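I opened my notebook to get to know a structure I had not seen before. Here is what I looked up, entry by entry.

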Amino acid sequence: MTPLSEHIVAMIRQDGPLPMDSYMNLCLAHPEHGYYMARDPFGRAGDFTTAPEISQIFGELVGIWCVSTWQTMQVPDPFNLIELGPGRGTMMADLLRAVKVMPGFLESVEVHLVETSPALRRLQTATLAQSGAQVHWHEDIESIPDRPTLVIGNEFFDALPVRQLQYTEIGWYERVIGLNRSGELQIELAGDRVPDAALPDWMQDAEVGEVAELSPARADYATRLARRVAGDGGALLVIDYGHVRPGPGETLQAVSRHNPIDTLGQPGECDLTAHVDFAALEDCFVDAGLSTFGPITQSQFLAGMGLAERLEMLTKRSGARERMKIVDAARRLVAGTEMGHLFKVLVATHAELAKPAPFAHMKEMER
Ligand code: SAH
């Protein structure tokens, strides 16, 4: 038992089984025992590693994207740069270093970090102390001032909760967490059938036993972000792992020390994430009136933003050993067997903005 599982068992005893998205939300965001709240989960000693933690080139190329998109926005001053879920603050630090080449950007930018974890906010404060930018923290995007906005987020949406539904002979049912006879957590199906009318088209045709994931929490976040950009001008850059076409499949996974574990095994002590349904995100952006580009793979995005040139510059003056380390880290970001294909990049812009980088000079990925 973890401190959080005791709390969850008591909740279920009192109010009945919990939908999967409520369970995931408690595991990640419970104010006291939530996974992100009190710890630094990143890096080799932690539970998982993210792209900005692998290579500085990642944040630098996102910085180049910001500069380029800010230019297509006609260099507004001041403007917001919002980062969703900044982790250790590494991507923002690398980005802010890279944008120094563009006169005016650092003078005009106001950085807004959206972060719920007090522990990670402390780390971000330390990482960004020398950045030269004004940095503000928020629990949610609603407290950020209205002005032209760039939004970036790496591995943010995968950490927002998903519902799980399972198809049976008599239709779709919500998966919930209940208790077995020994009082341990177990997955069950809720009593009431979910009406087909409440489900997207791709779920109308399914096979018995199939599981589907839906995320009202992600749709809500995406819609609120998109409305802001539609109203104030700007663009969004979403980088995450997931799938381009919607469809059934169970992707929710718990990860501890770089290995998958049972999703009910250690509530609050391990990371829980699920693949991002990029089509669902795109729908939210389009419904709010934005233009969307992609999704393309992380590998296509980084290549399009100038990975090869950046690598060349970084390794020019380094010794053989150092060069090998830099090149290998970059390879991990783009290799098909590592992050290059699973991770996707979706860009959404205000409808009046010119085509953003890297799409302006590349053929879009086949859908
Ligand atoms: N972008 C970072 C971290 C990804 S992990 C990187 O690439 O390394 C997910 C991040 O989102 C963490 O910083 C976590 O604390 C934050 N987070 C999770 N749910 C959140 C929410 N609802 N609001 C704001 N931040 C959240």
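Which side chain meets that of Arg-88 in a salt bridge? I found Glu-53, with 3.2 Å from N to O. I counted a salt bridge when a side-chain nitrogen of Lys or Arg is within 4 Å of a carboxyl oxygen of Asp or Glu. Arg-88 lies in the loop between strand E2 (79–84) and helix H5 (90–98), and Glu-53 in helix H3 (residues 51–54), so the pair ties together parts that are 35 residues apart in sequence. Helices (H or I, at least four residues) and strands (E, at least two) are DSSP runs, numbered from the N terminus. My search of the whole structure gave 18 salt bridges.

A note on what I am reading: this is a predicted model, where local features need pLDDT of at least 70 and side-chain atom pairs count only at pLDDT 80 or more, while totals for chains, interfaces and linings use all residues. Residues are numbered from 1 along each chain as its sequence is written, and side-chain values use heavy atoms, with hydrogens and water left out.

Next I turned to the ligand. I noted 16 residues around the ligand (a heavy atom within 4 Å), and Thr-50, Gly-85, Gly-87, Glu-115 and Asn-154 come nearest. By class, I listed eight nonpolar, six polar and two charged residues in this shell.

Then I checked polar contacts, meaning pairs of N or O atoms within 3.5 Å. A side-chain N or O atom of Thr-50 is 2.5 Å from an oxygen atom of the ligand. For Asn-154, a polar side-chain atom lies 2.7 Å from a ligand oxygen. Gly-87 uses a polar backbone atom, 3.0 Å from an oxygen atom of the ligand. How much of the ligand does the protein bury? I read 92% of the 570 Å² that the ligand exposes when taken alone, by the Shrake-Rupley method with a 1.4 Å probe.

Last, I looked along the backbone. The peptide bond from Gly-294 to Pro-295 is cis, with omega near 0°, and Pro-295 is in strand E15 (residues 291–297). I found a cis bond between Ala-357 and Pro-358 too, with omega about -5°; Pro-358 is in the segment after strand E16 (343–349).

Conventions
A polar contact is a pair of N or O atoms within 3.5 Å; within protein, one must be able to donate a hydrogen and the other to accept it, and residues adjacent in sequence count only if both atoms are side-chain atoms. Ala, Val, Leu, Ile, Met, Phe, Trp, Tyr, Cys and Pro count as nonpolar, Asp, Glu, Lys and Arg as charged, and the others, Gly among them, as polar.
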